[in-house]
Amino acid sequence: MTGGSEAPGGWIAEALREHAEHAEQGQPGEARAGHPGMTDREQQVLDRIDRARRRRPRVREDRITMSHGAGGKATHTLIEAVFLEAFRNPLLEPMEDAASLRLGDSRLALTTDSYVVSPLFFPGGCIGDLAVNGTVNDLAVAGATPRFLSAGFILEEGFPVADLSRIAEAMRDAAAAAGVAVVTGDTKVVERGKADGCYINTAGVGVIERGVALGVARARPGDAILVSGPIGDHGVTIMLARGELDIEADISSDTAPLAGLAAALLDAVPGVRAMRDATRGGVATILNEIARSAGVGVLVSEDDIPVRPAVRGAAELLGIDPMYVACEGRMVAVVEAGQAEAALAVLRAHPLGEQAAVIGEVTGESPGIVRLKTAFGGTRIVDLLVGDPLPRIC
Amino acid sequence: MRFVDEFRDAEKAHALAAKIAALAEPGRQYKLMEVCGGHTHTIYKHGLEDYLPETITLVHGPGCPVCVIPMGRVDDAMHLAAQPDVIMTSFGDMMRVPGSNGSFFDAKARGTDIRMVYSPLDSLKIARANPDKRVVFMAIGFETTAPSTAMTLLRAAAEGLGNFSVFCNHVTIIPAIKAILDSPDLRLDGFIGPGHVSTVIGCRPYEFIARDYGKPVVVAGFEPLDILQSIYMLMAQLAEGRAEVENQYARVVPWDGNLVALRAIGQTMELRPYFEWRGLGFISHSALRVRDRYAAFDAERLFEVPGVRVADPKACQCGEVLKGVLKPWECKVFGTACTPETPIGTCMVSPEGACAAYYNYGRMHRQRVAEAAGAAAANRGDGGLLS
């Protein structure tokens, strides 16, 4: 087609070489018996892809790109290839939102999170609310009662003290609402241009008082999957608050502490297998974590997933899928078959769970894959997000 | 959500599906091409193929703006972006398209100033805010996006904005459709016409397809019911032995197109003698460049553009996929070496690309889908959708 002969370099060459190696190894035993029709060939390709997806992830880029922070596939790959590889230990390996540890007679949950949201103030809250609620929620969904937080601030030279005070006040109020205390902290200042106003890191410790064992790897076929309310509010709010899109809508962030809601659910429903707060990457990312960690299929129904009309409208205009948009006050719960109704009743009785819904189930088919019954009546896959539609969402 | 949900009504879809199935002659295979990548996306996103009888195959066409950009053109853009004081701007879709030395995203990580914009007018804003920089907008797309580039050129000229230019990669749809019709590899029964392009060019330009090639065309909207209805209209034409251009998307597409938009394009841009398309090769009069009058805003004249020609990686079969000769999964590297995360070919990059749509939404074990549907049907005691 073209006259050029220069072969593409870099990772493309590497990917192709790797591909060739795997193809050479071949799987002759896997050729299907029966009719070698189109469907069989397609099936073989899909099996080959499944194998490729199970291979150990490798970071192909030689620099960090924005995708590595998006909470999707690239983030997972980076974490597994760099951090898990470097720090590997039994407490880290489950890769849950919080580590579950034993100190003396106590079971504790420990977590940390950094906040780089832009803009710092948005309808429904500010970076301070996120910094408290985000960390509280990571503890809450681990089945812990959040107790103590640390707060580290990285401030840019020139940042208004008045803004910092507003952020600190928001953190104070959020901590009071969540029943936690900020007990230690750190402050660093960098030269103008080396940061963007204010970044916050918080770490949190909570006590696991109940004898529960939670984790997405515990999901079993037949389990029900619930969300605690409408999804995507936070992400769409941030997107519109940036003012780049010239769209206005009456939406505000859903940032809220989930500790009370999570505790109510655990107290009333013994069959809770796992809880996750749906932040970066949205509900779709959590569903994929369930499917991958537990080696099960997940089947959800688009009609049953609560999304506010304004969020749906904005997402539709922007060509993004609310399933991937961040929430800051919503969780996904997996509960044993038969306890879905009870769980739903508990969630709906709580002010933060009034619009909770059962959105689907865990299945034995298509392990590792999340399928969506579309409102239109078709079926499709919901994969991990690739690329970054929206950096610095939290 | 008003004006959207009406076009996603499952009950109406079932009714249409039954009518489509009734029109399919037993034993006859139908191949219908949806020209536009937006349609490909809708088809997979809503699981529309579940509604069609197995004898109707939807073939994905070349109408994905990012997919048809050849690798050399990406390298040219990368070269422009690396010039001193340049801020390169482009649509988000373009950011992950691989050149021979990585994508815009990779270049951005290496320190090149590349910014994503939602509209070319945003590039103008950046140019106004950075008078000491040279802002280049990488314009891509069919006749759908060309008017906004045209308006931007007019605005820049009116303001005398000396630090703004356009790297023009606009292509036109008709020559690509003609190339596919003339290709010996493929036998098609009809076309689902591109709705967005047609809002600009109207329906007349497709008349040659019906007249000279005897194939029906139905210009379609982008909601799933739009597409299903267009398939029904195509099947009706085929059943009645007609070959006409019909407009399913009349609520948006005027038969004669949008004269204001066409005039703006004509004022600022002209046809290139030829342009290279990924997979389709050089097609004459298939792309637009900036007119002499606006040379001051034409990046190809303001900068040295190397005009790199790079062959696609051998294993990449985007060309065949773009022409509809191969189904995405039939490409040798599909889903293994080439994934949305690490795309080798453009079809895996854009959400409108056939490979990305199939990988992200349709990568399902059809047998199991069929089995599940069969089991559900057995439970209901009827024949089921897929039977």
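How many of the 394 residues of chain A count as buried? The share is 46%. A residue is buried if 20 or more other C-beta atoms lie within 10 Å of its own, exposed if 12 or fewer, and partly exposed in between, with C-beta atoms placed from the backbone.

This is a predicted model, in which local features need pLDDT of at least 70, side-chain atom pairs count only at pLDDT 80 or more, and totals for chains, interfaces and linings use all residues. Residues are numbered from 1 along each chain as its sequence is written, and chains are lettered from A and ligands numbered from 1 in the order in which they are written.

**View 1. Chain A and its confidence.** Chain A has 10 helices and 14 strands. Helices (H or I, at least four residues) and strands (E, at least two) are DSSP runs, numbered from the N terminus. The mean pLDDT of chain A is 88, and 89% of its residues reach 70 or more. pLDDT is the predictor's confidence in each residue, from 0 to 100. Over residues 1–9 of chain A, the pLDDT is below 50. That stretch has 21 contacts in the model beyond near neighbours in sequence. Residues 26–38 of chain A also stay under 50. For them the model has 6 contacts beyond four places in sequence. Two residues are in contact if their C-beta atoms, placed from the backbone, lie within 7 Å. Take the contacts in chain A between residues at least 6 apart in sequence: 82% join residues at least 24 apart. The model as a whole scores ipTM 0.75 and pTM 0.82.

**View 2. Helices H4(A) and H5(A) pack together.** H4 covers residues 127–140 of chain A, and H5 covers residues 161–178. Their axes are 7 Å apart, at an angle of about 30°. Axes are lines fitted to C-alpha atoms, for helices over the stretch in contact, and angles run from 0 to 180 degrees between N-to-C directions. H4(A) and H5(A) are therefore roughly parallel to each other. Angles under 35 degrees count as roughly parallel, over 145 as roughly antiparallel, 65 to 115 as roughly perpendicular and the rest as oblique. The crossing is right-handed. A crossing is left-handed if the near helix is turned anticlockwise from the far one by less than a right angle, and right-handed if clockwise. On H4(A), the contact residues include Ile127(A), Val132(A) and Val136(A). On H5(A), they include Ile167(A), Met171(A) and Ala178(A). By class, the contact has 11 nonpolar, 2 polar and 1 charged residues. Ala, Val, Leu, Ile, Met, Phe, Trp, Tyr, Cys and Pro count as nonpolar, Asp, Glu, Lys and Arg as charged, and the others, Gly among them, as polar.

**View 3. Helices H6(A) and H9(A) cross.** H6 spans residues 233–241 of chain A, and H9 spans residues 309–318. Their axes come within 10 Å and cross at roughly 55°. H6(A) and H9(A) are therefore oblique to each other. The crossing is left-handed. Asp233(A), Val236(A) and Leu240(A) of H6(A) meet Val311(A), Ala314(A) and Ala315(A) of H9(A). This contact holds 5 nonpolar residues, no polar ones and 1 charged.

View 4. A cis peptide bond joins Ser118(A) and Pro119(A), with omega about 5°. Pro119(A) sits in the loop between strands E2 (106–115) and E3 (121–122). Met95(A) is in the loop between helix H3 (73–87) and strand E1 (99–103). Its phi is near 55°, a positive value in a residue other than glycine. Met95(A) is partly exposed, with 16 other C-beta atoms within 10 Å. Ser366(A) lies in the loop between strands E12 (357–363) and E13 (370–373). Its phi is also positive, near 45°. Ser366(A) is buried, with 21 other C-beta atoms within 10 Å.

**View 5. Helix H2(B) is enclosed.** H2 of chain B runs over residues 37–45. Here 9 of the 9 residues are buried, so the helix is largely enclosed by the rest of the structure. Among them are His39(B), Ile43(B) and Tyr44(B). Just after H2(B), Gly47(B) takes a positive phi of about 65°.

View 6. Chain B averages a pLDDT of 89, and 93% of its residues score at least 70. Among its elements, helix H15 (residues 366–380) has the lowest mean pLDDT, 44. Strand E8 (residues 217–219) has the highest, 98. Gln29(B) lies in the loop between helix H1 (10–23) and strand E1 (30–36). Gln29(B) is exposed, with 12 other C-beta atoms within 10 Å.
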